[in-house]
Amino acid sequence: TMQFINGVSTQSVSYIYVLQPVKEGKFVIGPAYVVANGTQMRSNPVTIEVVKNNPKKNKGKNSGGDVADNIEEHIFLRAIVDKSKVYQGEQITVLYKLYTKIDIIDMKISKSPAYIGFWSQDIELPGKKRPYQETINDVPYTVVEIKQVALFPQRSGKLDIEPMEAEFVARIRVNKRRSAFDDLFNNPFFGFSSTKNVSVNVVANKIKVEVKSLPSYGKPASFNGIVGKFNIQTSLDKEETKTNEAVTLRIKISGSGNVKLLDLPELELPQTIETYEPKITDYVSKKKKIISGSKSFEYLLIPRHEGKHNIQPIEFTYFDPSREKYVTVTTQEYFINATPGDEVVTSGAVSGFSKEELELLGEDIRFIKSNDVSFHRQESPFFGSPKFYGLALFPMLLFVGFVFYWKKHERSASNSSLVKSSHAKKLAKKHLSIAGKYLKSNERDKFYEEISRALWGYVGDRLTISGSELSKDLIEERLLSLEINKEVVQELIGALNKCEMSRFSPSESSGEMKEMYNESIRLISEIESQLKV
């Protein structure tokens, strides 16, 4: 090779020798000698140690081809439980973790477990947790937590948590050789490195759980099957009222456990107080590993007679697995003092009936009127009156109006796709504008979320594809059928994949985010210029 730097030329000659060892040991390659301009020069000697080949140790480390042949050694899925021995009704938390040594660009859960014998509840993973490193058998892996589930066993015995199945698209590196001679070198330096996408089906491990029955000894009558840790609170909006006026009693049970299975506590009321079905509200928190929340019951109590009415304390019992015992909590006792008010229930033959029963009697038996009664003749018969003809024509007018409305709706529906298509670019610009703000503030997750909305929203609206049908395969098919350049379509699919998998990727520089922003604008402009619809 020749070089000219500042008017000075230099020249060099390189010699490459291919050597293949035939036995183990240490070997010294002596120096090379050369004479230049009458001066002899020599290179440094090189010492090489040849050891026995270990295929297992080198497996998957040499080339992308090895990775493709042994992909299962580079990516796998694990289900991890916080405990394997529990009581019936006690929570088990299952965390599904992906371990990988290769780049993942797309994923989907192809088969979710049925969780037979369990009541299940998904738990939110804490924020958008970044991938982290974990070492297994001295091999480092990148770990991504992809799903977390709370399970409550509904029966005792040995239960199986069936494995989850997931499908991943992995990007692996392969080596293209220049010639058969280059195969002697298992090194990308002697070949041309490239990548390819490989679809991988991964199955998590099966988990066995031993579920113990709840103890039969010491079980109170107020126990209704709830397991965990709970407390109960009650409140009465007033203790002084009038007869036939409502008083509100609120009961709230809160704690950790299967809140959804909390039953209505037994409420003992005197016969002098009338009540109705309570209003029930519940709240479940799924942001922590332990399911927690509350369930509230709101009663309307109506004292029908004056005097002091007693509301007995309410007992609530749960089983605490950490203490392995039943725990009973009791509310306070209440007294309602009712003074005379507007009486609805009278003495005599109807005494003792409720308000609803009195209203029903009023419909069946009408009291004899003892005062003067006046009668008058109806002015005109209903048949043949304007009201009669109006009611007769009303169904026909209603039918005509319905047909008119339906035709108008069909015309609007046929034009809605054109309206939606015409606004596609405008909505995309709106999302890109928001993404630009997140780019400036370096908010990576929000940036990719808005870029994804811009791209998905644009192609969905522009091609008039409904949200339920929108998929990458359909987008690719429709764009190619509209004669959009194939390279542009592939670049769009790649951009959508990058947005989806941004949560699995390590943090990127602002320069890479800027590149993604410009690429999205270019893709939308390219597709818009090529579309003929």
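Is R453 buried, exposed or partly exposed? In this predicted model, R453 has a relative accessibility of 41% and therefore counts as partly exposed, since that category lies between the limits of 20% and 50%. The side chain of R453 forms a salt bridge with that of E449, with an N to O distance of 2.9 Å. Both residues belong to helix α6 and are four residues apart, about one turn of the helix. E449 has a relative accessibility of 36% and is likewise classed as partly exposed.

Helix α6 also packs against another helix. Two packed helices are described by the angle between their axes and the distance between the axes. For α6 (residues 444–462) and α8 (residues 486–500), the axes come within 9 Å and cross at roughly 140 degrees. The arrangement is therefore oblique, because angles count as roughly antiparallel when over 145 degrees. The crossing of α6 with α8 is left-handed. On the α6 side, the contact is formed by Y448, I451, S452, L455, W456 and V459; on the α8 side, L492, A495, L496, K498, C499 and E500 take part. By residue class, this contact comprises nine nonpolar residues, one polar residue and two charged residues.

Side chains of opposite charge can pair when their charged atoms come close. In the model, 15 salt bridges are counted. One of the pairs is K206 with D160, for which the closest N and O atoms are 3.8 Å apart. This pair connects distant parts of the chain, 46 residues apart: D160 is in strand β14 (residues 157–161), whereas K206 is in the loop between β16 (192–203) and β17 (207–212). K206 is partly exposed, with a relative accessible area of 48%. D160 is also partly exposed, at 24% relative accessibility. Through salt bridges that share partners, D160 and K206 are joined with E162 and K208 in one network.

A further salt bridge is found between the side chains of K212 and E324, at 4.0 Å from N to O. The relative accessibility of K212 is 33%, which places K212 in the partly exposed class. E324, at 44% relative accessibility, is partly exposed as well.

Conventions: Residues numbered from 1 in each chain as written. Predicted model: local features only at pLDDT ≥ 70, side-chain atom pairs only at ≥ 80, totals over all residues. Heavy atoms only, no water. Axes fitted to C-alpha atoms, helices over the stretch in contact; angles between N-to-C directions. Helix = DSSP H or I, 4+ residues; strand = E, 2+ residues; numbered from the N terminus. Parallel < 35°, antiparallel > 145°, perpendicular 65-115°, else oblique. Left-handed = near helix turned anticlockwise from the far one by under 90°. Contact = heavy atoms within 4.5 Å. Nonpolar A, V, L, I, M, F, W, Y, C, P; charged D, E, K, R; others polar. Buried < 20%, exposed > 50% of the residue type's maximum accessible area, 1.4 Å probe, protein only.
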